[in-house]
Amino acid sequence: MSGGPPQTSTGPPTSIERAWLRRDISTGPGDGSLSRLDAVKDERIRRWDVVTPSATLIGRADRPDADVGENLRRLHDEQHPAMDGHSARMHRLEKARITHAFCSTLSLTAWERDRALGIMVDLDLTAFGSQRAIEKVALVVVQYVVDDERRRQLGLHDQGWVSDQSPERLESLYERFESIKENPEYRELLAAHGLDTTSVNRLNRTLREQLDEQDLEGNVLGRSPYRDPSMPAIRDRSNGDGDAPDGTD
């Protein structure tokens, strides 16, 4: 019995002939009448079409064997003027997103959250070397901000004032100080991202150096460091009639 295609007649194709024309092409090595390379190319071409109703061909070439236009290629490679700085913007947003998630998990105050975000979004992570993952640096920034704020509440940030205190007074103040490192949730986050005490201390030293070099110590998201604190906020000012902005007395 011949293994070739059935002989075609002059009339319409029979069901056997239609089944032969619809036969699948095997992509196994040595199978079928196509070479392995041709079979793989054929399979890729047949898979190129959309597979779901929500799929789109926008931004793709007209044909599987064609290339996209020059403008689209430059957009994909972020070389088009419309995409200038796209990677940097996405990196900044990712730093803000991850830092905000940590602040929410650890129940930071609004001021502590804004300080951590203000530092993190503008911080260049290159200096952190192999430990420059956003999650690792963000956790160290959160620790720095929270501990600094807790020291300020106790007055321990003012070295001149501290030097005038008695040893008993300082001992009492330091006993009241509680670092965020004592928080079980914070310790769990450190462990989940592979940070031990040595790594945290190393990152903390690098962070302090970068805050000075990049002038980020006073950064607070949404607040200008150059604003005169003695000026009332616009939303707190009264209008010309002496009424509140919302019209209430």
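Trainee: Why is aspartate 148 called buried?

Mentor: Buried means under 20% relative accessible area, exposed over 50%, and partly exposed in between (1.4 Å probe, protein chains only). Aspartate 148 has a relative accessible area of 12%, so it counts as buried. Before we go on: this is a predicted model, where local features need pLDDT of at least 70, side-chain atom pairs count only at pLDDT 80 or more, and totals for chains, interfaces and linings use all residues. Residues are numbered from 1 along each chain as its sequence is written, and side-chain values use heavy atoms, with hydrogens and water left out.

Trainee: What makes the contact between aspartate 148 and arginine 115 a salt bridge?

Mentor: The term needs a side-chain nitrogen of Lys or Arg within 4 Å of a carboxyl oxygen of Asp or Glu. Here the N to O distance is 2.8 Å, so the pair qualifies. It links distant parts of the chain, with aspartate 148 in helix 6 (residues 134-154) and arginine 115 in helix 5, 33 residues apart. Helices are DSSP runs (H or I, at least four residues), numbered from the N terminus.

Trainee: How do you know that arginine 115 is buried?

Mentor: Its relative accessibility is 4%, so arginine 115 falls on the buried side of the cut-off.

Trainee: What does the salt bridge between arginine 115 and glutamate 217 tie together?

Mentor: The closest N and O atoms of arginine 115 and glutamate 217 are 3.4 Å apart. Arginine 115 lies in helix 5 and glutamate 217 in the segment after helix 10, so parts 102 residues apart in sequence are tied together. At 29% relative accessibility, glutamate 217 counts as partly exposed.

Trainee: Which residues are linked in a network of salt bridges?

Mentor: Arg115, Asp148, Glu149, Arg152 and Glu217.

Trainee: Why is arginine 152 called partly exposed?

Mentor: Its relative accessible area is 39%, so arginine 152 sits in the in-between class.

Trainee: Over to helix 9: how do you know that its buried residues line one face?

Mentor: In helix 9 (residues 184-192), Tyr186, Leu189 and Leu190 are buried. Seen down the helix axis, the buried residues fall within an arc of 100°, so they line one face (the arc is that of the directions from the axis to the C-beta atoms). On the other side of helix 9, Glu188, Ala191 and Ala192 are exposed.

Methods. Helices (H or I, at least four residues) and strands (E, at least two) are DSSP runs, numbered from the N terminus.
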